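These are my notebook entries on a structure that I looked up. I recorded each item in the order in which I examined it.

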Amino acid sequence: MTHEAAAASQPFVMDATFWTATTIFLISYVVIISEKVHKTVVAVFAASLMLVLKILSQYEAFHVEELGVDWNVIFLLIGMMTIINLMRPTGFFEYIAIKSAKAGKGDPMRIMTIFAIVTAVLSALLDNVTTVLLLAPVTLLIADALEVDPIPFLIVEALASNIGGTATLIGDPPNIMIASKAKLNFMDFIYNLTPIVIVLMVVLLVIIKIVFGKKLKTREELKQRIMQMNEKEAIKDPLMLKKSLFVLGLVLVGFVFHGTLELQPATVALFGAGLLLLLSNTHEPHHYLAEIEWPTIFFFIGLFILVGGVVKVGLIKLMSLKMLALTQGNLLATSMIVMWFSAIASAIVDNIPYVATMNPLIIDMAKQMWPQETGLALLRHPDLMPIWWSLALGACLGGNGSPIGASANVIVVGMAEKAGKKISFMRFVAYGFPIMLLTVFISMIYVWLRYYVFSF
Amino acid sequence: MKAKDIMEQVKDYLSPDDTIKNAVNKMRVLKRDDGIVGVKGMIVLDNEGNLVGMVSVKDILKAIIPFYMTMTELGEFTWEGMLAEMTKKVADKKVAEIMMKDVITVSEDAPLMECADLIVKHNLQRVPVLNKEKKVVGIIYVRDLYNAIVRVLLDDKEVQNL
């Protein structure tokens, strides 16, 4: 064996750079989990260290797809957030919420069911955080009107939001990240994840019916309070609402055809944002742009560079080799381990840094398994696809396991507390953890049957 | 003239442990210097007589309005009797939970211009006056400053004729 060949087969060199990058990475993740310092501050500072210490060059961080910032993710998020910021003041979301409550005829059980479905659909098409942020206040109002405990409603909404968000490419940040890395398009998610998410939603609805069906009762005169509300009064700006719905519709059509049109999802989202800004005739775009969740955007930017650093020094490759040794190349075993490990990890920690680390790890693993393949043939290798879906299902559904597992949960818990209805950690876990176990278990059966038994 | 020359005496105050119900009653029966019964705000003193906060009618209203209404535009979606319902819910809430804690004060030797400036800048209705030991010795109301202006602009005869 020549010297070069030996070096090439060496997975990594454990030199000072390797240990520096690994240390920065591990300490950052520990501090992020501990929540002692804001996660965005940690990520941005750690990323800057990767650059200053020349573990990653600035060129690699900004311009190399495998090592640096994933601009697809960044601009998809910015585009969608801008559209929602422009849409929010029209009162559309309040309208939908009040309309749903009236469709439930003021009956708490029906309202809970309809709200769960609405939350799931909106979470699939927009993002989970926005959805619960807009629906939770109306939920609290309706619970007050009906004199029922709002906590079950709020928890069910968080669970439905995380399940619904799993269905599409744009529904949940892990999916956006996986789609970009694995070059999956919107319709891939619709074909592979939406069917199982519909099954999981039906299961959730059956369970809440069993758990709350007999308990949730209200008086007839209280139902009238809901029925007397006029949802049309929620619409503050009918013209802008029409423009928003037109652009949102256009964007969704754009997502459906983005693969065929050879347009990246971020391009579609940015086009929608640009068009709606133009149509709004606003002279104060800074107002809508300032409302973009910049801390989240910078968290992503920092994380991508941080992970890029440990990809470059070979830590991720080392981890992928360990994983291969564990599964011995058995694809079914790999899928199952990825799914369950992702679910447990995402229940405990933020699923965004988790997926940011897992994406390059899975790509590295694929390179070991199919060394002759490159590019799309490697990323979309038929045997690799179920592993991507397992990662998406595990990371998204795992968020239901605890109140800190997903951003939607954090928001719901925070709102309940402000309303003087504290949701304890264990009360959330009592609902969320069994739902998480059940949904991941069903997903496991689905992945096994669909990709390994029937392989369609 | 200084703050202590125009301030009104403190006749009653709230305790942080008072409930909203107690507070509303104390405010209802308190007699002002000009003889009118009922005030729209009171200072809150702890057991040692230190100023720890102030409660106004608006602070009480804020406690009554559910937070979700302030978060979104849900004003149209209320029902007959909702205010009464929500008021009953907070009746036993403690003054400590609803009082404004960062109270703007003046020293007893402060010039009137300083008092006027504070009242306008911070949109205040009343300013507690503190002595050197930081104890409240009086309260200046907007009306006290107004009376001071009246005395500058109109002489005693003109005031009598009004």
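The entries below begin with chain B and then turn to chain A.

**Entry 1: the model and the outline of chain B**

I noted at the start that this is a predicted model. I then looked up the secondary structure of chain B, which comes to nine helices and five strands. Along the sequence, I read the pattern of chain B as α-α-β-β-α-α-α-α-β-α-β-β-α-α. Along the principal axes, the C-alpha atoms of chain B fill a box of roughly 55 × 40 × 30 Å. Chain B has 162 residues, and 23% of them are buried. I also looked at contacts in chain B with a separation of 6 or more: 60% of these are between residues 24 or more positions apart.

**Entry 2: a sheet in chain B**

I next followed three strands of chain B, which form an open sheet in the order E3-E4-E5 with mixed pairing. At the edges are strand E3 (106–107) and strand E5 (136–141) of chain B, each of which pairs on one side only.

In which sense do E3(B) and E4(B) pair? I found that E3(B) and strand E4 (residues 126–130) of chain B pair in the parallel sense, over two bridges. B:Val106 has B:Val129 in E4(B) as its bridge partner, and B:Ser107 stands opposite B:Leu130 in E4(B).

In which sense do E4(B) and E5(B) pair? Here the sense is antiparallel, and there are five bridges. I noted that B:Pro128 has its bridge partner, B:Ile139, in E5(B). E4(B) and E5(B) form a hairpin with five residues between them. In the turn of this hairpin, B:Lys134 has a positive phi of about 65 degrees.

Why can E4(B) be called largely enclosed by the rest of the structure? I found that five of the five residues of E4(B) are buried, so the description applies. Both faces of the strand are covered. On one side I listed B:Arg126, B:Pro128 and B:Leu130, and on the other B:Val127 and B:Val129, all of them buried.

**Entry 3: B:Lys40**

I located B:Lys40 in the loop between helix H2 (20–29) and strand E1 (41–45) of chain B. B:Lys40 counts as partly exposed because it has 13 C-beta neighbours inside 10 Å, whereas a residue counts as exposed with 12 or fewer. Not counting residues up to four places away in sequence, B:Lys40 touches B:Ser56, B:Val57 and B:Gln125. B:Lys40 and B:Gln125 are 85 residues apart along the chain, and their C-alpha atoms are separated by 9.1 Å.

**Entry 4: where the chains meet**

How many residues of chain B are in contact with chain A? I recorded ten residues of chain B in contact with 17 residues of chain A. The side of chain B that touches chain A has seven nonpolar, one polar and two charged residues.

**Entry 5: the nonpolar cores**

The largest nonpolar core has 152 residues. A:Met50, A:Ile83, A:Ile155, A:Leu391 and A:Val412 touch the most other members. Helix H8 (residues 128–146) of chain A gives the most to this core, with 13 residues. A second, separate core has 26 residues, including B:Ala23, B:Val39, B:Met54 and B:Cys115.

I then looked up A:Leu391 and left aside its neighbours within four places in sequence. Among its contacts are A:Val338, A:Ser342 and A:Ile178.

**Entry 6: helix H19 of chain A**

Helix H19 (residues 331–348) of chain A has 18 residues. At 1.5 Å a residue it should span 26 Å, and its end C-alpha atoms are 26 Å apart, so I recorded agreement. The buried residues of H19(A) include A:Val338, A:Met339 and A:Ser342. Helix H18 (315–327), helix H20 (351–369), helix H22 (385–398) and helix H24 (425–453) of chain A are among the elements that cover them.

**Entry 7: A:Phe115**

I found A:Phe115 in helix H7 (residues 108–125) of chain A. Is A:Phe115 buried or exposed? A:Phe115 is buried, because 23 other C-beta atoms lie within 10 Å. Leaving aside neighbours within four places in sequence, its contacts are A:Ser100, A:Leu135, A:Thr139, A:Phe153 and A:Glu157. A:Phe115 and A:Phe153 are 38 residues apart in sequence, and their C-alpha atoms are 8.3 Å apart in space.

Conventions. Residues are numbered from 1 along each chain as its sequence is written. Chains are lettered from A and ligands numbered from 1 in the order in which they are written. This is a predicted model: local features need pLDDT of at least 70, side-chain atom pairs count only at pLDDT 80 or more; totals for chains, interfaces and linings use all residues. Two strands pair if DSSP finds at least two bridges between them. Helices (H or I, at least four residues) and strands (E, at least two) are DSSP runs, numbered from the N terminus. Two residues are in contact if their C-beta atoms, placed from the backbone, lie within 7 Å. Ala, Val, Leu, Ile, Met, Phe, Trp, Tyr, Cys and Pro count as nonpolar, Asp, Glu, Lys and Arg as charged, and the others, Gly among them, as polar. The expected span of a helix is 1.5 Å times one less than its number of residues. A residue is buried if 20 or more other C-beta atoms lie within 10 Å of its own, exposed if 12 or fewer, and partly exposed in between; C-beta atoms are placed from the backbone. A nonpolar core is a set of buried Ala, Val, Leu, Ile, Met, Phe, Trp, Tyr and Cys residues joined through C-beta atoms within 7 Å.
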